[in-house]
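This briefing describes selected packing and pairing features of a predicted model. Please consult the sequence and structure below while reading.

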Amino acid sequence: GAFSWLRRTVRLLAEGDSPEEFLEHTKLELFQDQVFCFTPKGRLIALPRGATPIDFAYAVHTDIGDTCVGCRINGRPMPLRSELHNGDEVEIITSAAQVPPAVWESIAITGKAKSAIRRATRAAARKQYAGLGRQIVERAFERAGRPLADSLLRVALPRLGQPNIEDMLAAVGRGEIPSANVLKGVYPDHHEERPAPKKKSNGEDGWFGLKRASGMLFRVPGIGGGRKGNGEDKHAAVPIRGLHGNMPVRFAPDGGAVPGDRIVGIFTKGEGITIYPIHALALKDFEEEPDRWLDVRWDMDALDQERFPARLGVTALNEPGSLADVARLIGDDEANISNLRIVKSAPDFSEMVIDVEVRDLKHLNQLIAGLRRLRVVSSATRLNG
């Protein structure tokens, strides 16, 4: 308190410091709840005690904070979580491609930094959803055989209750406005017509692949042109709403996901997004990291024939031909086996894990029911990682 400060001041006087040193010590005591740091060019930045380089970056300029990717404190690379001290020289490293992670809001302590991070995070999410919404709308207009242009979308904004095109596209990307409503808003006379069923795919299909593209398009080699066909065939792609653009996406390695499942995306920095069914046991590993969760959902055509990964646990009698019976039923049910391994073998039974590729949840349940009806199968269940 004031008494202890006075005692320290008297001690400094008694130690015979020069007037300049005494004044310097006293000034620092008066500002004990602040830290004074410097930019490499010598600009003084005053911050509350406990401030981090993130607070420093936003104190210099909002644009510096928004594009900050790292820092050097007194010439040494340091974590952005570091607590700053009096006299630190702080150099902020920036990148135009950076978007402030939401978790920064819990690291920063200044109001300016926290509000700027919230604003930048919302703006980035809106931009990502708008990019995804444009992909969905373009696909809907292409299916309907109708031309699309921003001038046409602008005319439909009042009918859709949206102030501008980007907000409207973001609402589509979040799943708040169906793409069919946008189509109807631009072309009120449009009547939905079902496309003709696709030709049944040949034996080349079933190898599930992922295409890195703006709008996060999944595609299945062997469908809409096969492995040697046109790799840009948009009709072989399945948009999944709620994802960032230009980022790799994959399904969970243990169990996958199929249309009909409720799904979530888990974001991993430097790797991209992994899609899990909402009931996957592996999601427990991410319960303490809510910032990594993304809301996603399917946006499928009823007649699409793409295949999606699922994992089955099958216990079968250990007798000649049992494995062939299991494989034959899966093939007859128009599913594909991508991997099969025996995890436990005993004299009278075998436990196996089978990775299959199916059209949707109904197809998967139909397959499991068929396996359970086989005489050689004692149990068949879906495994969720």
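**Helix packing and sheet arrangement**

Helix H3 (residues 53-60) and helix H6 (residues 111-144) have axes that come within 9 Å and cross at roughly 85°. A crossing angle of 65 to 115 degrees counts as roughly perpendicular, and H3 and H6 are therefore roughly perpendicular to each other. The points below treat this helix pair and then a sheet with its covering helix.

**Contact of H3 with H6**

- On the H3 side, the contact is made by Ile54, Asp55, Tyr58 and Ala59.
- On the H6 side, Lys112, Ala113, Ala116 and Ile117 make the contact.
- By class, the contact of H3 with H6 has 6 nonpolar and 2 charged residues, with no polar residues.

**The open sheet**

- An open sheet of 4 strands is present, with antiparallel pairing and the strand order E14-E15-E13-E16.
- Strand E14 (336-345) and strand E16 (377-383) stand at the edges; each has a single partner strand, so one side of each is left without a neighbour in the sheet.
- From one strand to the next, the twist averages 20°.

**Pairing of E13 with E15**

- Strand E13 (residues 308-317) pairs with strand E15 (residues 349-358) in the antiparallel sense, over 10 bridges.
- Ala310 stands opposite Val356 in E15.

**Helix across the sheet**

- Helix H11 (residues 361-373) lies across E13, E15 and E16.
- Relative to E16, helix H11 runs at about 160°.

Key: Residues are numbered from 1 along each chain as its sequence is written. This is a predicted model: local features need pLDDT of at least 70, side-chain atom pairs count only at pLDDT 80 or more; totals for chains, interfaces and linings use all residues. Side-chain values use heavy atoms; hydrogens and water are left out. Axes are lines fitted to C-alpha atoms, for helices over the stretch in contact, and angles run from 0 to 180 degrees between N-to-C directions. Helices (H or I, at least four residues) and strands (E, at least two) are DSSP runs, numbered from the N terminus. Angles under 35 degrees count as roughly parallel, over 145 as roughly antiparallel, 65 to 115 as roughly perpendicular and the rest as oblique. Contact means heavy atoms within 4.5 Å. Ala, Val, Leu, Ile, Met, Phe, Trp, Tyr, Cys and Pro count as nonpolar, Asp, Glu, Lys and Arg as charged, and the others, Gly among them, as polar. Two strands pair if DSSP finds at least two bridges between them.
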